[in-house]
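Colleague: Could you walk me through this model? I would like to start with the ligand.

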Amino acid sequence: MYRDNPLKQLSWEDYQKLSVNERAPLFLRNEKPYHALFAQQYNRPIVERVCELATRIRKIAKTRGGMRFLQDLLAEKRAMLYFSQPSTRTFLSFYASCQILGIKTAEVRDTATSSEIKGESQEDSVRTFSSYFDLLIMRHPTKGFAERIAWLLSNSERPVPVMNAGSGADQHPTQALLDMYTLQRSFEKRGGIDGKHIAFVGDLARGRTVRSLAALLRHFDGVKAYFVAPDALQIGSDILQVLDEAGMEYEVTTEFQPVIPQADAIYMTRIQDEWDQAQESRLLDTSNYHFTVDDLAKLKSDAIIMHPLPRRSEIDPEVDRDPRAMYWRQVRNGMWVRTALICTTFDRDNEVDRYYEDLIR
Ligand code: NCD
């Protein structure tokens, strides 16, 4: 655990007055991400480092000796997976990452089974977790809750790291990192992510994965984003402001078809109607924001199709057979990226480098 803890000097009220950019450095230790809370924490070197590490871990894990090395890397640690919102992939990939690194896990996925049902505050529940565990991975419906917990624990005697596995309709930083890894691997032989055109399609107002990913893309040169959605579901002005400040080019449009041939990556999303107050988005006709088999012919031959999943009908399952469909690859990449991030948090990434260098020698 780190002794220099900038969050200790701040009251929660003062913390909340800070802009996202001012908050970002508070969650780093030795220039490395300690808490993983929102995408604006990560600059280009951090994104590239996590990707490099994910690849090294992926290669090390191919051999039995490599797996043994990984299993021992954090074998003395325990992690708590606290998911108070539904999850399949994020939960399982974090769980698998912990297994790869030898970290023991426990989980609460239904707050009805914890003392919250007796009226205990969520803050007290989480503080209890920190008494028994060394890492807290959490998904929560409230925007900013993971930040609140990181602040709270930083001011306790057990300032364990917090990883945000999805917070409200706001942020999903580890998904954004795995999406960057997928983009980087897909464009490896075409100059990387720089200069690529990325189209986001669907519910951009409440799609937290899009919000986080757009914030990371601004660090790359010459990237252009298309935000393709009905007006009611368009991307938030806060994210556009982040892109404006970075001088990143983007286009906001309701028309999907003209964008398809321009894109190097199409990032499809589902309508997040669980956030509806009065079924309003269920009443929208969003069929123009579906990717069909016919659309494949309009797509560049080397473009890719992404989706954070789960999908409904926005990508025809027939599309899965096309080599440009990258969403199942994304799922697996999530495991490697989360493993890399956990290694970085605990400052064991240099051990991975040493093992890797011996491996390729
Ligand atoms: C997303 C999420 O939970 O934000 N899924 C994921 O983590 N891969 C997307 C969604 O729920 O639509």
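**Around the ligand**

Modeller: An oxygen atom of the ligand lies 2.7 Å from an N or O atom in the side chain of Arg-270, a polar contact being a pair of N or O atoms within 3.5 Å. This is a predicted model, in which local features need pLDDT of at least 70 and side-chain atom pairs count only at pLDDT 80 or more, while totals for chains, interfaces and linings use all residues. Residues are numbered from 1 along each chain as its sequence is written, and side-chain values use heavy atoms, with hydrogens and water left out.

Colleague: What does the ligand's nitrogen atom sit 2.9 Å from?

Modeller: That nitrogen atom is 2.9 Å from a polar backbone atom of Pro-308, and an oxygen atom of the ligand is 2.8 Å from an N or O atom in the side chain of His-172.

Colleague: Which residues are around the ligand?

Modeller: Among them are Thr-90, Arg-139, Gln-175, Leu-309 and Pro-310, where a residue counts if one of its heavy atoms lies within 4 Å of the ligand.

Colleague: Is the peptide bond from Leu-309 to Pro-310 cis or trans?

Modeller: The bond from Leu-309 to Pro-310 is cis, with omega near 5°.

Colleague: Changing topic, what is the phi of Asn-30?

Modeller: Asn-30 has a positive phi of about 50°, although it is not a glycine.

Colleague: And where is Asn-30?

Modeller: Asn-30 is in the loop between β1 (28-29) and β2 (32-33), strands being DSSP runs of E with at least two residues, numbered from the N terminus.

How values were computed: Polar contact = N/O pair within 3.5 Å; in protein donor to acceptor, adjacent residues only side chain to side chain. Helix = DSSP H or I, 4+ residues; strand = E, 2+ residues; numbered from the N terminus.
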